Amino acid sequence: MDTHSFATSKIISGKEIAHKNEEKLIEKVKELGQPISVVSILVGNDPPSVLYTGLKQKKATAVGITFTPITFTEDTSFDEVAEKIKELNSDSNIDGIMLQLPLPKSFLGEHTHQELTELIDPKKDIAGLTSERLVPPAAVAADGPGGHQS
């Protein structure tokens, strides 16, 4: 076994890096000098989606961003959620919109999640899901260039 490669390895602390990044983000939010408001749309009660939405809310609040989850039941009509997205697009108090995926199959029916994501104003698409996105999709950004793109 080549021990040389271990001698040059560096152990990093993910928690330490995350904490430093969070501190930088808090400063950037303060520097903006105006409140930032984000809305997350959740349809149904898929446990991982509910958990993930809660984690996003906790982190957003920690850095000074107002995070409002809007939850719809699975039996809500597709058109009602579409109308809510359009309403949020025109609300000047809302800076960002995210749609929690996956959407329940029973909710979608003959529709696709892309039909809803395409309704989000690209300037408010903070998850990078629209075809006109101004930011890369979160999964691509997390994996880096050439990473897994789902």
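The structure is a predicted model, in which local features need pLDDT of at least 70 and side-chain atom pairs count only at pLDDT 80 or more, while totals for chains, interfaces and linings use all residues. Residues are numbered from 1 along each chain as its sequence is written, and side-chain values use heavy atoms, with hydrogens and water left out.

In soluble globular proteins, nonpolar side chains tend to be buried together.

Contact means heavy atoms within 4.5 Å.

**Helix α4**

Helix α4 has 13 residues and reaches 19 Å from its first C-alpha to its last, close to the 18 Å expected at 1.5 Å a residue; the expected span of a helix is 1.5 Å times one less than its number of residues. Its buried residues are F78, V81, A82, I85, L88 and N89. They cover an arc of only 120° around the axis, which puts them on the same side of α4, the arc being that of the directions from the helix axis to the C-beta atoms. The buried residues of α4 pack against β1, β2, β3, α5 and α6 (113-117), whereas the face turned away from the buried side carries the exposed residues D79 and S90.

Strands β1 and β3 pair in the parallel sense over four bridges, and two strands count as paired if DSSP finds at least two bridges between them. The bridge partner of V39 in β3 is I97. Both faces of β3 are covered, with G96 and M98 buried on one side and I97 and L99 buried on the other. In a regular strand the side chains alternate between the two faces of the sheet.

In the loop between β3 and α5 lies P102, and the peptide bond from L101 to P102 is cis, with omega near 5°. Another backbone detail is found just after α2, where G33 takes a positive phi of about 70°. Most residues other than glycine have a negative phi, and most peptide bonds are trans.

**Helices α2 and α3**

The 19 residues of helix α2 (residues 14-32) should span 27 Å at 1.5 Å a residue, and its end C-alpha atoms are 27 Å apart, which agrees. In helix α3 (residues 47-62) lies T53, a buried residue with a relative accessible area of 5%. Leaving aside its neighbours within four places in sequence, T53 is in contact with S40, L42, F67, P69 and Q100.

**Salt bridges**

A search of the whole structure finds four salt bridges, a salt bridge being a side-chain nitrogen of Lys or Arg within 4 Å of a carboxyl oxygen of Asp or Glu. The table includes some of them.

| Pair | N to O distance |
|---|---|
| K20 and E16 | 3.3 Å |
| E22 and K59 | 2.8 Å |
| K86 and E83 | 3.4 Å |

What separates K20 and E16 in helix α2? Being four residues apart, K20 and E16 are separated by about one helical turn. K86 and E83 both lie in helix α4, three residues apart, about one turn of the helix. E22 forms its salt bridge with K59; E22 lies in helix α2 and K59 in helix α3, so the pair ties together parts that are 37 residues apart in sequence. E22 is partly exposed at 22% relative accessibility, while K59 counts as exposed at 52%.

Notes. Helix = DSSP H or I, 4+ residues; strand = E, 2+ residues; numbered from the N terminus. Buried < 20%, exposed > 50% of the residue type's maximum accessible area, 1.4 Å probe, protein only.
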